[in-house]
Amino acid sequence: MKRRPVLKGIGGTVAGLSLAGCMGYFTGDDTSPLWHEFTDSEERTFESHLETFTEETDHDLEASGVSNMQDQLETALPAGDGPMSFTWAHDWIGAQHEDETLYDASDSIDVDLEGTYSEAAANAVQWKDNVYGLPYAAETVTLMYNKDMVEEPPETIPEMIEIMESYDGDDQYGIGYPGDAYHFSAYLQGFGGVLYDEDADELGIDDDAVVEGLELVRDSIYEYSPNDLNKDPNLSVFQNGNAPFVVTGPWNLGGLRDAGIDVGVAPLPAPEGGEPTPFTGVQMWYFTSRLEDAEDDVHDAVLDWAEWYTTTEDVATTNAQDHAMIPVLDSVVGSDDLGSDVDAFSQSVGMGMSMPASEKMDAVWDPLESAIDVVLGSGGDAREELESAAEQIRGSWE
């Protein structure tokens, strides 16, 4: 295990060793050490942070924005290619541990996880006694509304339906709601169900409570959205001013405002007899197995970046103010300078449950989303489709 000289304290001040003149670290295969899939608005902020890091440390790390991150990593990392660090939510950590594509930085980082980050964030970057990255934000989806169309955001599903009905029709829709299991998780789990209980290792998608949640989506929400489960059409109707609501995450907030929409952010409305329970994630800089064989200066630069980015208060505050990224840095959590957007997302995170990081969850997504597609797109019976998906998932686990 590589060890590094101590370069910085917890607060984000870089001192000591300087790598002046070490420009443009590459991984040997014409790829950048850092990969991300930030939106345009997020990328501008990220590039500003990276520039500041370079000025303060003399490290000069190259970064690349990529699309279809999961597919590219699945091809690159087993072949010894790809990034040394990438950013994504914590839920990939179990599967990537099994694939042996991550780097355990337990003996290489200079950060006291439990003393620096929130408890949930510190736990999220650890798997089976390994430290596979560092956390920088919590996230989930919540309700965004067009302030030119909605005076006050609804607190309940019936209140939201009343507003959606007034805009539905004539090329308008009541809501844009991407139709995947992650976005729908708030209501699939809104009556006490759990899609997959990681601690108990129990699948719950065929429970009565989850069936009730899918029926709620079908009967009370989906009929007001575009007849399309894909993300882009649902974002577009809101971005073009043709829907009062959209359910999405903080990563789209900057782009929607750049498009000229006066966006408000509110907690997810509650169904009668239930409470929205969305999946929540912790965004982290993962460390990949490519760090094992990296040159010492490159290895140190990549880990310094992750430590600097996740422990610098200005980074956490700027990300919160500009993109509603919920801070997990203890010294910033709860600050009065973060804005109302963060407050709203924080409320939705408080309602939610952490996405399972077990590799077994990988077998859940596709069958569950196929069931959702049949129920919403083809009129299939919610119970029958969820029971069929559950049978398929359990079979794949054997």
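**Rings and a helix crossing**

Colleague: Where does the charged end of K360 sit?
Modeller: Over the ring of W397, 4.2 Å from its centre. Bear in mind that this is a predicted model.

Colleague: OK, ring against ring now. How many aromatic pairs are there?
Modeller: The count comes to 16 aromatic pairs. F46 and W305 form one of them, with 5.8 Å centre to centre and 85° between the planes. That pair is edge-to-face.

Colleague: Where do F46 and W305 lie?
Modeller: F46 is in helix α1 (residues 40-57) and W305 in helix α11 (residues 296-311). The pair therefore ties together parts that are 259 residues apart in sequence.

Colleague: Is F46 buried or exposed? And W305?
Modeller: F46 has 3% relative accessibility, so it counts as buried. W305 is at 0%, so W305 counts as buried too.

Colleague: What about F86 and W92?
Modeller: Their ring centres are 6.2 Å apart and the planes are at 45°, so the pair is tilted. F86 and W92 are both buried.

Colleague: Switching to helices. At what angle do α7 and α14 pack?
Modeller: About 75°, with the axes 11 Å apart. α7 covers residues 181-188 and α14 residues 362-378. The angle falls within 65 to 115 degrees, so the two helices are roughly perpendicular.

Colleague: Which residues meet there?
Modeller: From α7, A181, Y182, F184 and L188. From α14, W365, L368, E369, I372 and L376. Eight are nonpolar, none polar and one charged.

Methods: Residues are numbered from 1 along each chain as its sequence is written. This is a predicted model: local features need pLDDT of at least 70, side-chain atom pairs count only at pLDDT 80 or more; totals for chains, interfaces and linings use all residues. Side-chain values use heavy atoms; hydrogens and water are left out. Axes are lines fitted to C-alpha atoms, for helices over the stretch in contact, and angles run from 0 to 180 degrees between N-to-C directions. Helices (H or I, at least four residues) and strands (E, at least two) are DSSP runs, numbered from the N terminus. Angles under 35 degrees count as roughly parallel, over 145 as roughly antiparallel, 65 to 115 as roughly perpendicular and the rest as oblique. Contact means heavy atoms within 4.5 Å. Ala, Val, Leu, Ile, Met, Phe, Trp, Tyr, Cys and Pro count as nonpolar, Asp, Glu, Lys and Arg as charged, and the others, Gly among them, as polar. Rings of Phe, Tyr and Trp (its six-membered ring) pair if their centres lie within 6.5 Å; planes under 30 degrees apart count as stacked, over 60 as edge-to-face and the rest as tilted. Buried means under 20% relative accessible area, exposed over 50%, partly exposed in between (1.4 Å probe, protein chains only). A charge sits over a ring if NZ of Lys or CZ of Arg is within 6 Å of the ring centre and within 35 degrees of the ring normal.
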